[in-house]
Amino acid sequence: MKHRIVVLGAGYAGAIAAGRLAKRLHPDDTEITVVNADADFVERVRMHQVATGQDLKRRPLTDIYAGTGVDVRLARVTAVDADRRTVALIDDHGTDEITYDTLVYALGSTAADHVVPGVAEHAYDIAGQPSALRLRDRLAHLAAGGTVLVVGGGLTGLEAVTEIAEARPDLDVAIAARGGLGDWLTGKAQQHLRGVCDRLGITVHEHTDVARVDATNVVTRDGREIPAQVTVWTTGFAVHPIAAATTLAVADTGQIVVDDSMRSVSHPDVYAVGDAAIAEGPGGKPLRMSCASGIPMAWQAADAIAARLTGQTKFPKAPLRYFNQCISLGRRDGIIQYVTADDRAKPARLTGKLAARYKEFVCVGGAWSIAHPVLYPVRRHRIVATRSEIRSAAS
Ligand SMILES: Cc1cc2nc3c(=O)[nH]c(=O)nc-3n(C[C@H](O)[C@H](O)[C@H](O)COP(=O)(O)OP(=O)(O)OC[C@H]3O[C@@H](n4cnc5c(N)ncnc54)[C@H](O)[C@@H]3O)c2cc1C
């Protein structure tokens, strides 16, 4: 019987892990199934572009994996039983259960609301395609002079506010940041960011903590009201509750705790990658939710799984570290902030048009590598270990 590998989620991390596994393992020995709620690979890093009316290239998963031996199952995961090694699914035909020998959990994340009153009722987010499309529709119906407030001064907030202000110069666009604007960036990059906000007419509310969201304004912790016919909430990501409902070891955030090979510290048959997992990065700091770390996590998991199944004692170590933060500021501007391995700003940065092109190149490159899994180098080793040998070696 073939070794059954099930990959849950075909975002950046899951899609890459599945393609790489197909290239590492022999199809006569393994059955690889990717389960995803969406029929397409969705470029989540472009959701601010979707919200402002730009259309993305469609990338159907069945096209991506054609000829690779990877099966695509279009379904929503509702539960995982990590002790029975089963996954509960629901699709258009009803409910189902599938069994795995090795699981790669890559269900990503969604918007976090930090339980601020009114967010669920009134705010929009761009953490996924359905919510970005909802915001797109709302913005399309917002008349000139309408007020938009982006709450959150992190990477997603900066990309969202500049994209909206550039696409809709007729709107009154603002950002509320808990700290100083881009205060983790190097001084020159912060100056550039302020210049872009000025140029695009963005009102910046710094050191502003939003305590409540209403239909046409927000209220700050110090009692100020900021007009906002549309509030866009970008204060962070949260994981789906599925992992926390299992016997898998999870952190307070609900992310699956993994070792440096991306294997669950509690269940050796389970690997977790991308936003859904918490792994230690350089300096012992947890890797942040990002493609920048999710993609190498996926390489690492696939290489570790393939090595362990094929009896190799060593496998390559993926670069689980940071090199730069690539921030788009609309379509014509950006900041590339070079960072240390543990993500602290270094003096070097790129700004302006060149940075915008660099960021675009990174996004295109990421999507292209997912859409062309057949181009990975082929090293199809044969499986040597039986399932019980693998489990006992792991325990
Ligand atoms: C607007 C925006 C801009 C960003 N920009 C950057 C950036 O510039 N650089 C960077 O490094 N990161 C960026 N990020 C973060 C980055 O997008 C995420 O960290 C990355 O997508 C995580 O990859 P993932 O594979 O773990 O999850 P995802 O990409 O979210 O993929 C998860 C997959 O699982 C599927 N799924 C979820 N739940 C279920 C279920 N129950 N059943 C079946 N399928 C399910 C989803 O459909 C999806 O296909 C950005 C995010 C946003 C929202």
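Start with the two domains, whose centres, taken over C-alpha atoms, lie 32 Å apart. To see them, colour 3-110 + 237-322 + 367-394 as domain 1 and 113-233 as domain 2; these bounds come from an automatic or database domain assignment. Before you go on, note that this is a predicted model, in which local features need pLDDT of at least 70 and side-chain atom pairs count only at pLDDT 80 or more, while totals for chains, interfaces and linings use all residues. Residues are numbered from 1 along each chain as its sequence is written, and side-chain values use heavy atoms, with hydrogens and water left out.

Now look at where the domains meet: 16 residues of domain 1 are in contact (heavy atoms within 4.5 Å) with 16 residues of domain 2.

Next, select I5, L8, L21, V77, V80, V87 and Y105. These have the most contacts inside the largest nonpolar core, which has 66 residues. A nonpolar core here is a set of buried Ala, Val, Leu, Ile, Met, Phe, Trp, Tyr and Cys residues joined through side-chain atoms within 4.5 Å. Buried means under 20% relative accessible area, exposed over 50%, and partly exposed in between, using a 1.4 Å probe and protein chains only. Helices are DSSP runs of H or I with at least four residues, numbered from the N terminus.

Zoom in on L21: leaving aside neighbours within four places in sequence, L21 is in contact with I5, V7, I32, V104, A302 and I305. Then pick L139, A160, A189 and V196, which are among the 33 residues of a second, separate core.

Stop at R194 in helix 7 (residues 187-199). Is R194 buried or partly exposed? R194 counts as partly exposed because its relative accessibility is 35%. Beyond residues up to four places away in sequence, R194 touches L181 and E206.

Over in helix 9 (residues 353-371), find G366. G366 has 13% relative accessibility, so it counts as buried. Draw a line from G366 to A292: they are 74 residues apart along the chain, yet their C-alpha atoms are separated by 9.8 Å.

Last stop: select Y105, L107, G108, V239, H240, A243, G254 and A276, the lining of the second largest cavity. A cavity is a set of points on a 1 Å grid over the protein atoms alone where a 1.4 Å probe fits but cannot get out, and lining residues have an atom within 4 Å of a point. About 30 Å³ of space lies in this one, the volume being the space filled by probe spheres set on the points.

How values were computed:
1 Å grid on protein atoms, 1.4 Å probe; cavity = no way out; pocket = protein on both sides within 12 Å on 5 of 7 lines; lining within 4 Å. Helix = DSSP H or I, 4+ residues; strand = E, 2+ residues; numbered from the N terminus.
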